[in-house]
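I am opening the notebook on this structure and going through what I looked up, one topic to an entry.

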Amino acid sequence: MSEQALRLGTRRSKLAMAQSGQVADAVSRVTGRPVELVEITTYGDVSRENLAQIGGTGVFVTALREALVRGEVDFAVHSLKDLPTAQPEELALAAVPVREDVRDVLVARDGLTFEQLPDGARVGTGSSRRMAQLNAYARSHGMSIETVAIRGNVDTRIGYVHAGELDAVVLAAAGLNRIGRIDEVTDFLPVDTVLPAPGQGALAIECAADNADLVAALAELDDPYTRAAVTAERSLLAALEAGCSAPVGAYADLLADGQIVKEMRLRGVVGTTDGSTLVQLSTTGPVPETHEQAMSLGRELAAEMLAKGAAGLMGERAL
C-alpha cells in the first residue's frame, strides 16, 4: 500500500522553494513517505510596501500558518528569522535543522570588498539592523557610505548592482548558498562587524501540535545546538520588545575547548539606523540543556542591554 504524500507548505519565492525542497528530501528519508510541495502566496510576497510598514517579517509566515491550522498542509518550512517570537499553541516548532552560514555578505560592483568601497558608496539593504551596523562600522573606520532601503528577491537586489544603481547590496549568505549563487559574493562580513538577525541561517519546521506522529518524525531533523542558539537569540529579541523590523542583531555560538563544547556565548546589538549609537554586549554561560535555560540566557542579556540604553534606540513604540 502506497503511503500518502505529506504536504509541505512553502512560499513561492525561488529561495523558499529551494530550502523547502531540501527539507522535503530529508523528511522523505526519515518518514519513508513522499513529500509534495504546496505553494502558498503570502501577503509579504505580493505587497510592495516597506516591510516595517506592513508588520515586519511575520507577513511571510501568517498564510503558511493559516494553511497548517486549516489542515491544507501537513507541515511548513520557514526561515527562522521570519518567525514572530511568540509561538501559537496549536502549532509545534517540530525541528530546527543544522544551521547554514549565519553571515551577511556583500555583492559589490567590480569585485569590491566593503573596505574598498569608494566614499559615498550606495549600499542597498532592506534591513535596519544591517544599516545600523554598516553605518557604525563605516563611521568607525573613517568611511562614508549611504545606505539605501531596498526590497525584492535576490535577483532584483543583485540587479541594482549590475544596473549601476547601487555600488553594493548586502544579503544573507545562507540564502545565496541555498540557491547556488554564493560565488557572486565579493565580501563575507564577519559577525564581529555585522551581527546577523536572530535565527539567521536557520530553518524552522512547523506542524500541528496535536499530530504527535509527525512531530516525532520531524524531530529527527532537529539539531539541539542550533535550537539552543536560536532560542537564546529569539529570547533576546522578544525581551527587547522589538518587533522584527527593529534593528536588533543577535548571535549565539558555542565555545569549545578542543573537541569539548564548554559554553555558549550570546552577543546582541541594537542601534540607530544611522549607526551613530550602538549598544553591543555579550554574555557567556553553560550550554543550555533546556528550552528555559536558553530563554533565560537571552532575557539576561536583554536586561543588560536595556540598562545600557537600548530601549531608547528602538524608535517610538506605541503604548
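**Aromatic pairing**

I began with the rings, and in this predicted model the count comes to 1 aromatic pair. The partners are F114 and Y137, which sit 5.7 Å apart centre to centre with 50° between their planes, an arrangement that counts as tilted. I then looked up where the two residues belong: F114 lies in the loop between strand 5 and strand 6 and Y137 in helix 4, so the pair ties together parts that are 23 residues apart in sequence. Both F114 and Y137 are buried.

**The sheet and its helices**

Next I traced the open sheet, which is formed by 5 strands in the order 7-6-8-5-9 with mixed pairing. Its edge strands are strand 7 (145–149) and strand 9 (187–189), each of which pairs on one side only, and neighbouring strands are turned by 30° against each other on average, direction ignored. Within the sheet I checked strand 6 (residues 121–125) and strand 8 (residues 168–172), which run parallel and are joined by 2 bridges; here V123 stands opposite A168. Helix 5 (residues 154–162) packs on the sheet, where it touches strand 5 and strand 8, and its direction makes about 155° with that of strand 8. Helix 4 (residues 128–140) lies across strands 5, 6, 7, 8 and 9, running at about 175° to strand 7.

**A backbone angle**

I noted D110, which is not a glycine and yet has a positive phi of about 55°. Most residues other than glycine have a negative phi. D110 is found in the loop between strand 5 and strand 6, and it is exposed, with a relative accessible area of 64%.

**Salt bridges**

Finally I turned to the charged side chains, where the structure holds 21 salt bridges, and I wrote down several of them.

- R12 pairs with E39, with the closest N and O atoms 3.3 Å apart; R12 lies in the loop between strand 1 (6–10) and helix 1 (14–31) and E39 in strand 2 (residues 35–39), so parts that are 27 residues apart in sequence are tied together. R12 is partly exposed at 48% relative accessibility, and E39 is partly exposed at 41%.
- E292 and R299 meet through their side chains at 2.4 Å, N to O; E292 is partly exposed at 46%, and R299 is partly exposed at 36%.
- K14, D155, R181 and E184 are linked in a network of salt bridges.

Terms used: Residues are numbered from 1 along each chain as its sequence is written. This is a predicted model: local features need pLDDT of at least 70, side-chain atom pairs count only at pLDDT 80 or more; totals for chains, interfaces and linings use all residues. Side-chain values use heavy atoms; hydrogens and water are left out. Two strands pair if DSSP finds at least two bridges between them. Helices (H or I, at least four residues) and strands (E, at least two) are DSSP runs, numbered from the N terminus. Axes are lines fitted to C-alpha atoms, for helices over the stretch in contact, and angles run from 0 to 180 degrees between N-to-C directions. Contact means heavy atoms within 4.5 Å. Buried means under 20% relative accessible area, exposed over 50%, partly exposed in between (1.4 Å probe, protein chains only). Rings of Phe, Tyr and Trp (its six-membered ring) pair if their centres lie within 6.5 Å; planes under 30 degrees apart count as stacked, over 60 as edge-to-face and the rest as tilted. A salt bridge is a side-chain nitrogen of Lys or Arg within 4 Å of a carboxyl oxygen of Asp or Glu.
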